[in-house]
Amino acid sequence: DKPYTYLSESGGYSVYHDPYSLSMAYIAPEDLMEHVFDGESNTFDKQNELVSYWGTDLDPVYKKAESEYSLIGAKEPEAGYFVRTDDEGFIVYHVHITEDMPLYLYFVAPHMQSGEVFVNDDSLGWYFTENRWNVLCAGNFDIGDTVEIRMQILKEDLDITEACFYYEDTAALNAWAERAAVLNKEISEIKELSSSHLKFTVDTDVAEDVIVSIPYDSAWHIRCDGERIEPRPAVELLLGMEVPAGKHEIEMRYIPHGTFAGLSVSIIGIVMLVIMIVFDSRAKQHVNRE
């Protein structure tokens, strides 16, 4: 559903180039590191919040699509709480297409549960599960079409805080990607030496904040040209760091908490074992001489 460039296929997997994604490590625009999300925002609004840090002149990437809903074999005793009243129960959303853009959907809910999503009778699979609770593409439609999106209540009930239907503005996404690419000329792609050992270089005229798209964890040990720098949370949950001006090599190693303590205990244990073996051997030699 995306205008990605096809690259190759091997072993049943297809590879595409995504020109709109950030690199694994990237220069953060001013104040992005400290951004705190509004707890009421849905995932599309959150992405628009992030885009604005690359320039307030940029258009939002996601535009809300208006919808209305009705119930089949179900009732809504209170707002957002749906109870099945028949063998099959559905919440039926109707989205009237007003933009020539792909339509995406996401359902906000307070907990995991059991639902199945249909778009014009085509199933997109189970929803609200541990492995399936994400943004889905409904497809591309003509202006004036009405798209029917059904959420089937697979068990007794469903809690849905918000049903989100948004268009993705490809032109706005491209404008943002071009703006982000300007900053990222100052940083190389990450070299993954192992799953816990990463390297990349940064070359900037001024000190910059760098964000790495992995979860923040103080167990990451980061060195800039051999000198230790401290990681810090970025955008609430990602890994961030401040890199001084100039050209630098950044090396990251993940050392789990307790590794050094465990290593010390292991060494002490090995030493004690050797001592015990030596004493035991000498004791046996003494007994044999007697």
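How do the residues of the lining of the largest pocket divide into nonpolar, polar and charged? The lining divides into 19 nonpolar, two polar and three charged residues. Here Ala, Val, Leu, Ile, Met, Phe, Trp, Tyr, Cys and Pro count as nonpolar, Asp, Glu, Lys and Arg as charged, and the others, Gly among them, as polar.

This is a predicted model, in which local features need pLDDT of at least 70, side-chain atom pairs count only at pLDDT 80 or more, and totals for chains, interfaces and linings use all residues. Residues are numbered from 1 along each chain as its sequence is written, and side-chain values use heavy atoms, with hydrogens and water left out.

**View 1. The largest pocket and its lining.** The space in this pocket is about 560 Å³. A pocket is an open set of points on a 1 Å grid over the protein atoms alone, where a 1.4 Å probe fits, with protein on both sides within 12 Å along at least five of seven lines; lining residues have an atom within 4 Å of a point. Grid points are joined across faces, edges and corners, and the volume is the space filled by probe spheres set on them. The lining has 24 residues. Tyr-20, Leu-22, Gln-47, Tyr-62 and Trp-176 lie nearest the centre.

**View 2. Helices at the largest pocket.** α1 (43-51) and α2 (170-184) each supply at least two lining residues. The largest share, four residues, comes from α1. Helices (H or I, at least four residues) and strands (E, at least two) are DSSP runs, numbered from the N terminus.

**View 3. Glu-230 in the loop between β20 (227-229) and β21 (232-234).** Glu-230 counts as exposed because its relative accessibility is 53%. Exposed means over 50% relative accessible area, buried under 20%, partly exposed in between (1.4 Å probe, protein chains only). Beyond its neighbours within four places in sequence, Glu-230 is in contact (heavy atoms within 4.5 Å) with Gly-240 and Met-241.

**View 4. Positive phi at Asp-31 and Val-235.** Asp-31 is not a glycine, yet its phi is about 75°. Asp-31 sits in the loop between β3 (25-27) and α1. Asp-31 is partly exposed, at 47% relative accessibility. Val-235, also not a glycine, has a phi of about 50°. The loop between β21 and β22 (238-243) holds Val-235. Val-235 is buried, at 7%.

**View 5. Residues 259-265.** pLDDT (the predictor's confidence in each residue, from 0 to 100) stays under 50 here. The model has one contact beyond four places in sequence for this stretch. The protein chain averages 89, and 88% of the residues score at least 70.
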